[in-house]
2 protein chains.
Amino acid sequence: MSDALLTELRAALGKEAVITDADVTSGYSRDMMPLAPVGTPLAVVLPVDTEGVRAVVRACYEAGVPIVPRGAGSGLSGAANAIDGCVVLVLTKLNEIVEIDPGNRLAVVQPGVVNLDFRGAVEKHGLFYPPDPSSYDWCTIGGNLATNAGGLCCVKYGVTTDSVLGLEVVLADGEILNTGRRTVKGVAGYDLTKLFIGSEGTLGVITKATLALRPLPQAPGTFVAGFSSTEAAGEAVARVVSEGLVPSLMEIMDATSIKASEAYLKTDLGTGSDCQALLLCQSDSGGEVARRELAALEQICTDCGADMVYATDDIAEGNMLLQARRVVLTALEHYGIWLTDDVCVPRTRIAELIAGCDRISREVGLRIAVVGHAGDGNMHPTIVYQPDSPDEFARAQQAFDDILAVGLELGGTVTGEHGVGKIKREWLEKEIGPVGMRVHREIKNALDPTGVFNPGSMFSPS
Amino acid sequence: MSDALLTELRAALGKEAVITDADVTSGYSRDMMPLAPVGTPLAVVLPVDTEGVRAVVRACYEAGVPIVPRGAGSGLSGAANAIDGCVVLVLTKLNEIVEIDPGNRLAVVQPGVVNLDFRGAVEKHGLFYPPDPSSYDWCTIGGNLATNAGGLCCVKYGVTTDSVLGLEVVLADGEILNTGRRTVKGVAGYDLTKLFIGSEGTLGVITKATLALRPLPQAPGTFVAGFSSTEAAGEAVARVVSEGLVPSLMEIMDATSIKASEAYLKTDLGTGSDCQALLLCQSDSGGEVARRELAALEQICTDCGADMVYATDDIAEGNMLLQARRVVLTALEHYGIWLTDDVCVPRTRIAELIAGCDRISREVGLRIAVVGHAGDGNMHPTIVYQPDSPDEFARAQQAFDDILAVGLELGGTVTGEHGVGKIKREWLEKEIGPVGMRVHREIKNALDPTGVFNPGSMFSPS
């Protein structure tokens, strides 16, 4: 059976596009989440076009062999991890920017285009594609669509789904579904586009996307504030929201993150030794408006008791400050292996989440650094453990779950942007309950009745 | 069977909440679209809470009697029109604003709240709910959700779905599904929220919604430009888009609309007698930015050959100019009955759509006024006919369809914001094709297997 499938795949895609060498396939078998289970695939296939994807889907559907679709593998939920006996469907070779239409501010792309490459291409037309996950220099648009990826832009510009007009999707039986349209509005039928976005490869394979673009914003001005208590920083975030400010970026770093970042960059962020939280904000509104926004942010932070405030419209200096945020995960590798979590809480509850992480850190006896997108409440508490210690790994797993429980208690969600994948299935159930699960399974069964697409990711079939 | 159902409904809701008097039920049996078929309901029911809705759904589900959910009846697609023997489920008595949370910029509302009432309530907190369909002074939030309503705000702020965080939905068997969350980001599971929005009452009954709010924008500045050719006006719209301007409102009126509006308001818009198109724009960015945006709009319109340009930051004067746009449909009643269409085309193709409407007008020998949301390509060509002429009505129907064909030819959609309902079922099929229809039916059958919800609206079951 397997041999027949491999023969069929080779006939459809060419021999080089079907890999069974375990040394090579292992490199395509997992994403960046160490907690997630990993299986051994039957094969890894790399089609170059939609017809190739259709051939793979048809062959696997007929053979009853599951497909795990995959982009660059930058995911943090194990959604793209192989399961035993599956075919890993790699989309990176469908990497063409098909069209950029400045007159309608849209573009058509294949899923394997790297986020940063796409950003650069549209920037030449004075256009802007907002979604900017941390891995934007290597993650693909297809992976961004499958996970409904976020990033630093979300506080002002939303998540991936907010930038998508339509999709081309290969369904379980190999038929091609076109969703959405090229117009910015449209209500003809159900919103299938947004159903497939964030479905983590469980409903179909996205082979093309029509993306909405925005005018390129102004070069950002940057503002930082240091606080000697996380409560004060949390209060400042809540005030920014309630007073109607919409910065283009608003990140928070706790004391552990600040120290790790400073050590790694061999620099001093000027926060002082008793700094417990740093807020890092930008405005891309330009000119007088940006200055007014940054001044308002400064006023709020000062009112909330910031010990240090600093604003600059120097681009290089702004990039340096942003770099302190961007390097946190890398900086934490100095202390061990990291395991990053992803909870999103109401924006009034950020300080409570950080306090909860602090308590959990003491309980499990492991360093937990909290960084996150304060402007939208999406926090990434990151647990550090020693790779050679099974005991520390077990405690890290415990902390990972405890943080999710705190997030739910605070009225939040167990994943703001990384997804459910193979690590948060039981947490999805806790969050959405039995009726929600039932509806998920009804939709899954309707569109993928034999369970060919990424079975066991997001939720178990029955 | 019917008697047993009525008895059960009366027991659950109280006698007054179950209406069978044909004189009364007829008032709840149709929306504002004269083309749509209308049936005679078994009863009209007006529950006052979610439990009442559940009781209605359970009873009808058991009895095999279809439910047509309904808000205020301002719809323009017949989606809320009764079918023979159905129960019309009126949601207007679930009209409580449950919560306004300025700290998280969100609100929780029941479906029967009138859009304008809700806008007013959040405005007191300095907050803004963008979706503003033309009927905003009487349409309900529930109807807006069911149709994914748009309005004048969409060019800058998007449509209804862009302002919704979560829903409470009564499913076919009476179970309650909670979708989404109170956080601004979240990817736990499929995006069921956006699946129900715009589903026109065919998948469930929305009984509560968590809505995202924005900071209240600045008072708008207003700009108008008159053109002696629609091509020039269309070119100006395309240039506004491609040059990255995002006005908060950008409407277009053709010559027929301008004349009707001027006659109705007994005023002169200053466009001159050979004016073929008027662009009406606003910026709500405030201060210097608004002045800069309006100046850029003026420059583009002048470059494109506008014969008249005029800008004002006087609120009253801006409202007067906007009034000229808002009264067009009423003004057209001077000439006969109107039938308004709803197509959305790529923003570069607006002039071609207007030219197509002009051609169709001559072909069918009826007046067609084109007004629309130029900034997002969503046009409302409005056909005027004599109520006592079956021949004119038939020609109006012909024009209605011909306009949709032109919209599709231009790469557009057959409905930008009004929905499919009972008048565009075959057009939905033309737009999305057999695979799209198959997926629609698969989802409908998965969530509503017995077809209790609004059967025959949007598409036929099989």
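This report describes aromatic pairs and charge-over-ring contacts in a predicted model.

## Basis of the values

The model is predicted, with local features requiring pLDDT of at least 70 and side-chain atom pairs pLDDT 80 or more, while totals for chains, interfaces and linings use all residues. Residues are numbered from 1 along each chain as its sequence is written, chains are lettered from A and ligands numbered from 1 in the order in which they are written, and side-chain values use heavy atoms, without hydrogens and water.

## Aromatic pair within chain A

Over all chains there are eight aromatic pairs (centres of Phe, Tyr or six-membered Trp rings within 6.5 Å; planes under 30 degrees apart are stacked, over 60 edge-to-face, the rest tilted). The ring centres of A:Phe118 and A:Tyr129 are 5.0 Å apart with planes at 70°, so this pair is edge-to-face. Because A:Phe118 belongs to helix H4 (residues 115–123) and A:Tyr129 to the loop between strand E7 (127–128) and helix H5 (141–147) of chain A, the pair ties together parts 11 residues apart in sequence (helices, H or I, are DSSP runs of at least four residues and strands, E, of at least two, numbered from the N terminus).

A:Phe118 is buried at 0% relative accessibility, and A:Tyr129 is buried at 0% (buried means under 20% relative accessible area, exposed over 50%, partly exposed in between; 1.4 Å probe, protein chains only).

## Aromatic pair between chains

A:Phe459 and B:Tyr190 are edge-to-face, at 5.9 Å centre to centre and 80° between the planes. This pair crosses from the segment after helix H15 (425–447) of chain A to the loop between strand E9 (176–180) and helix H7 (192–196) of chain B. A:Phe459 is buried at 4% relative accessible area; B:Tyr190 is buried at 4%.

## Charges over rings

The charged end of A:Arg367 sits over the ring of A:Tyr335, 3.7 Å from its centre (NZ of Lys or CZ of Arg within 6 Å of the ring centre and within 35 degrees of the ring normal). The charged end of A:Lys430 lies over the ring of A:Trp427, 3.9 Å from its centre.
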